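Keep both chains in view as you go.

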Amino acid sequence: MSSQPCHRSGSRLRISLVILLLLWSLAPMLWQLYSSLRTPESLLAGLAGLGGGWTLINYTAVLQANPPFWRYLLNSSVVGALSTLLTLALAIPCAYSLSRRGGLLKVVVGGGLLAAAVFPYVLLFLALLQVARQLGLANNLLALCLPYAGLSLPLAVLLLQAAFADMPVELEENAILERFTLWQRLRWILLPLMAPSVVSTGLLVFLFSWNEFPIALTWLSRSELQTLAPAMARIAGSSVFTVPFGPFAAATVLGSLPLLALLLIFQRQIVAGLTQGAIKG
Amino acid sequence: MSILLMAPALLLLLAVFLWPIVHYAWLSLQAQSVFTGLKPVPVGLANWERLLGDGRFWQDAVQTLRFALVSVGLELLLGLAIALLLHQSWRGRGLVRSLTLLPWALPTTVMALGWRWILNDPNGPINGFLELLGLPSLPFLASTQLAWLAVVLADTWKTTPFVALLLLAGMQMIPADLYEAFALEGGRPMQGLLRITLPLLRPYIFIALVFRLAQALGVFDLVTVLTGGGPASSTESLALYAYLNAMRFLDFGYSATLMLGTFVLLLAAALALVLAQRWRRASA
């Protein structure tokens, strides 16, 4: 911003603060990475065992377990992708018509969405589980998309509604004069212009579905169907490994890598979605 | 026409959010447990009477509230500091911002498992460090005094990035010429923080507070994996207690009562927050 001399000491302070911040954010993950590559003996030796003892044994243990770890990653990805598509398919028309009307309905629906977006959804798990059992949806991986879409809708509709409201009205009026149908207006005019908001919304829904725990835990009892979050809890509770921390750490690293990649690729969109959600909603 | 476009989403929303509450209201008036052969039997207000006299429920309520207030308070302070740091312009800021977001993006159960190993007694790195300093190792997850602080630490680590991002977004909405004018009049940067940043940031702080308090009062994933509610239920949250009643004790009637009871406490907290906000505004 400026080149005043007092900024030199300021920037030194800033560098140390940034290093502190990175340490705080990343040290726990780096420790997991380090632990995942260590032999059981060197893990038990504590900090004294810093030398020697590197191994990939923890990764082979986790990947050769039954079911292998990549299975959970695959399950989470499938559920995450389908939930995202379903949520967007339901949220886009809803957000569109909400943004195009005023009056009592808009106030009521908007307020309800806001309350639902903040509600700690874990309290809903028992009723949802009973419905799932009655409809025969328990132990059905793809059925998880239904509650996930339902739980993601409040935030998704609020975000997309704000994006629709930002579109100039003349744009759509011209398209109506050109006899575009509603579907054509959405597909060829509005949605392409709103692509950034749609992508941010989709990413937040994907992250939620990927990370969701209580519903996946109670709906899926067969281990080969489990998604990542309940699988981690099961690994934590199991005593399959004698010194479990190496395999635990390997599982943590493998479970974090896809999200690290997603975050580095889409950081701008994720940040935009997060902040828009809070500000406009 | 527009109702038709909204209908599918609204139906799913009602099914997922409203129906459970209605169902709990009914189920809380039934006994449905192993003693009734898992069949619902009407029992009037018996579940609610049990809840009022259930020491574990009230203990969990206090523990959950303590956890929520302490961790959200820490997250706001730390989040503000991080937002101030990220608000200045320097090279590499974007990369640092996305790296600090990593704890927030990871599944809670994944990082909870990580913290279990970091806090392990005596083999975890923190105790290893204490040992290097010649200090005795601390049973972070086995002591009733320390375990809830371990939960606070793990939660603060995970959710501070979210708070920091919100506050950062708020700071970027404040026009820079406000600060320039303030500096021209001889104001010092620290005073600028108190006189300009914090007052204008108030709506964002409020949003972060509401979001985080609601999530923290429903804490489940973290406690389940990090401590399992132990030792001696000292870290058990309301949601975990309701979960245990349903899935371990198979007492569905009482579990539903606990969920609804927690919901009522949440409403009370929300009402208190809104009233406090009103009162502030009226007195300002």
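Just after helix 6 of chain A, Gly136(A) takes a positive phi of about 70°. This is a predicted model, in which local features need pLDDT of at least 70 and side-chain atom pairs count only at pLDDT 80 or more, while totals for chains, interfaces and linings use all residues. Residues are numbered from 1 along each chain as its sequence is written, and chains are lettered from A and ligands numbered from 1 in the order in which they are written.

Back to helix 6 of chain A, which spans residues 125–134. Helices (H or I, at least four residues) and strands (E, at least two) are DSSP runs, numbered from the N terminus. In this helix, Phe125(A), Leu126(A), Ala127(A), Leu128(A), Leu129(A) and Ala132(A) are buried. Here a residue is buried if 20 or more other C-beta atoms lie within 10 Å of its own, exposed if 12 or fewer, and partly exposed in between, with C-beta atoms placed from the backbone. The cover over those residues includes helix 7 and helix 11 (214–219) of chain A, and from chain B helix 1, helix 12 (238–247) and helix 13 (252–283).

Helix 7 of chain A (residues 145–166) holds Leu151(A). Why does Leu151(A) count as buried? Because it has 27 C-beta neighbours inside 10 Å. Setting aside neighbours within four places in sequence, Leu151(A) is in contact with Tyr121(A) and Val16(B); contact here means that the C-beta atoms, placed from the backbone, lie within 7 Å.

Now for the core. A nonpolar core is a set of buried Ala, Val, Leu, Ile, Met, Phe, Trp, Tyr and Cys residues joined through C-beta atoms within 7 Å. The largest one has 149 residues, and Ala91(A), Val157(A), Met232(A), Val151(B) and Leu167(B) touch the most other members. Not counting residues up to four places away in sequence, Ala91(A) touches Leu153(A), Ala156(A), Val157(A), Leu160(A) and Ala9(B).

What about the contact between the chains? It takes 69 residues from chain B and 69 residues from chain A. Helix 1 (residues 2–27) of chain B gives the most to the chain B side, with 14 residues. By class, that side of chain B has 50 nonpolar, 16 polar and three charged residues. For these classes, Ala, Val, Leu, Ile, Met, Phe, Trp, Tyr, Cys and Pro count as nonpolar, Asp, Glu, Lys and Arg as charged, and the others, Gly among them, as polar.

Here are the chains themselves.

| Chain | C-alpha box along the principal axes | Buried residues |
|---|---|---|
| Chain A | roughly 75 × 70 × 30 Å | 42% of 281 residues |
| Chain B | roughly 75 × 70 × 40 Å | 43% of 284 residues |

Chain A comes to 13 helices and zero strands. The radius of gyration of chain A is 24 Å, well over the 19 Å that the globule rule gives for 281 residues, so chain A is more spread out than a compact globule. That radius is taken over C-alpha atoms, and the globule rule is 2.2 Å times the number of residues to the power 0.38. Chain B has 13 helices and two strands.

Finally, confidence: pLDDT is the predictor's confidence in each residue, from 0 to 100. Chain A has a mean pLDDT of 86, with 90% of its residues at 70 or more. Over residues 1–6 of chain A, pLDDT stays under 50.

Methods: Two residues are in contact if their C-beta atoms, placed from the backbone, lie within 7 Å.
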